[in-house]
Amino acid sequence: MNNQQVGIFLFGICARFCLLAYFCMKLTAGIYWLRTVKKLIMAGILFDEIVFGPVKSRRFGVSLGINLLPLQGKMCSFNCVYCECGLTDEHKKEKLVLFTAAEINASLQSRFEALKTGGLDPDNITFAGNGEPTLHPEFESIIDNTIRLRDEFFPKAMITVLSNATRLHRADVKRALLRIDNNVLKLDAGTNATFLAINRPTHPITLEKVIQELKNFGGNLTIQTMLIRGEVDGNHVDNTTEEELTLWLKHIREINPKIVMLYPIDRQTPYRTLEKVPEPEFQALVKRVEALGIKAEVFY
């Protein structure tokens, strides 16, 4: 083999090596990209301020949102498969810092003054945010201050708390919820197995315990329920089966809320395998709730 042939041979080897390296790099980048996308999907959308909006809400009109929870990550006693904030587990390693009641109250005062000056009156002041609002240790005092500010700036606005109903055993939380206009409490299942599969509590709690606490409100509450079905980590979850709905209706009759709010998936969820339940199924369930003498409404 002469020098020219040796050169061609070596060039061919180098070319093949470079091509192989290129494809390995693309494959690695692709895997990294897929992992990154998956992480972003699972992480969800977090609010980056204490007071946000006002926004147009499906259920509450022009709603001014209040987030009592850390801005760095989600804090919740549930790990719901459909949560738009992402999975609770995603933030376990992060140091989550709560705002004090004083900081929250100052933020409310400032935003209320700015909105009033701008001539914008919200229909609702809604506690939601990055997880479960009743987890804040000063929840009751924050509610009391919000009522005072509401009466001063927006006396026609309603105060609403969206809660997963896991803290109703606390006297301070229950007192606070009974002082506001709308305590909207979650009930997503008829059986305990489906409750655990959908809501995935981060501490030991049963559906039976939640229902008992809801019954203790004497009807002075709103129930919110999301209907979903689909695959989660290889398991099928579904709260729309006849067994689930029959038992859920039994719970609703015992709780006897002022109204039942039914709604489907409307935003990004941690699991793209979840299905948006068709509207006719919601309308059929409304008729069954109203047959109990309880008002029901679909927000589709």
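Guide: In this predicted model, three strands form an open sheet in the order β8-β7-β10, and their pairing is antiparallel. The edge positions belong to β8 (235-238) and β10 (274-276), each of which pairs on one side only. Neighbouring strands of the sheet are turned against each other by 15° on average, if direction is ignored. Between β7, which spans residues 228-232, and β8 there are four bridges in the antiparallel sense, and within this pairing Glu231 has His236 of β8 as its bridge partner.

Turning to the other region, strand β5 covers residues 182-186, and because five of its five residues are buried, it is largely enclosed by the rest of the structure. In a regular strand the side chains alternate between the two faces of the sheet. In β5 both faces are covered, with Asn182, Val184 and Lys186 buried on one side and Asn183 and Leu185 buried on the other. Strand β4 (residues 158-163) pairs with β5 in the parallel sense over four bridges, and here Val161 has Asn183 of β5 as its bridge partner. The chain passes from β4 through helix α4 (residues 171-179) to β5, and this β-α-β crossover is right-handed. β5 also pairs with strand β6 (residues 222-226), again in the parallel sense, over three bridges, and Lys186 stands opposite Gln224 in β6.

Definitions and conventions. Residues are numbered from 1 along each chain as its sequence is written. This is a predicted model: local features need pLDDT of at least 70, side-chain atom pairs count only at pLDDT 80 or more; totals for chains, interfaces and linings use all residues. Side-chain values use heavy atoms; hydrogens and water are left out. Two strands pair if DSSP finds at least two bridges between them. Helices (H or I, at least four residues) and strands (E, at least two) are DSSP runs, numbered from the N terminus. Axes are lines fitted to C-alpha atoms, for helices over the stretch in contact, and angles run from 0 to 180 degrees between N-to-C directions. Buried means under 20% relative accessible area, exposed over 50%, partly exposed in between (1.4 Å probe, protein chains only). A crossover is right-handed if, with the strands pointing away from the viewer, the path from the first strand over the helix to the second runs clockwise.
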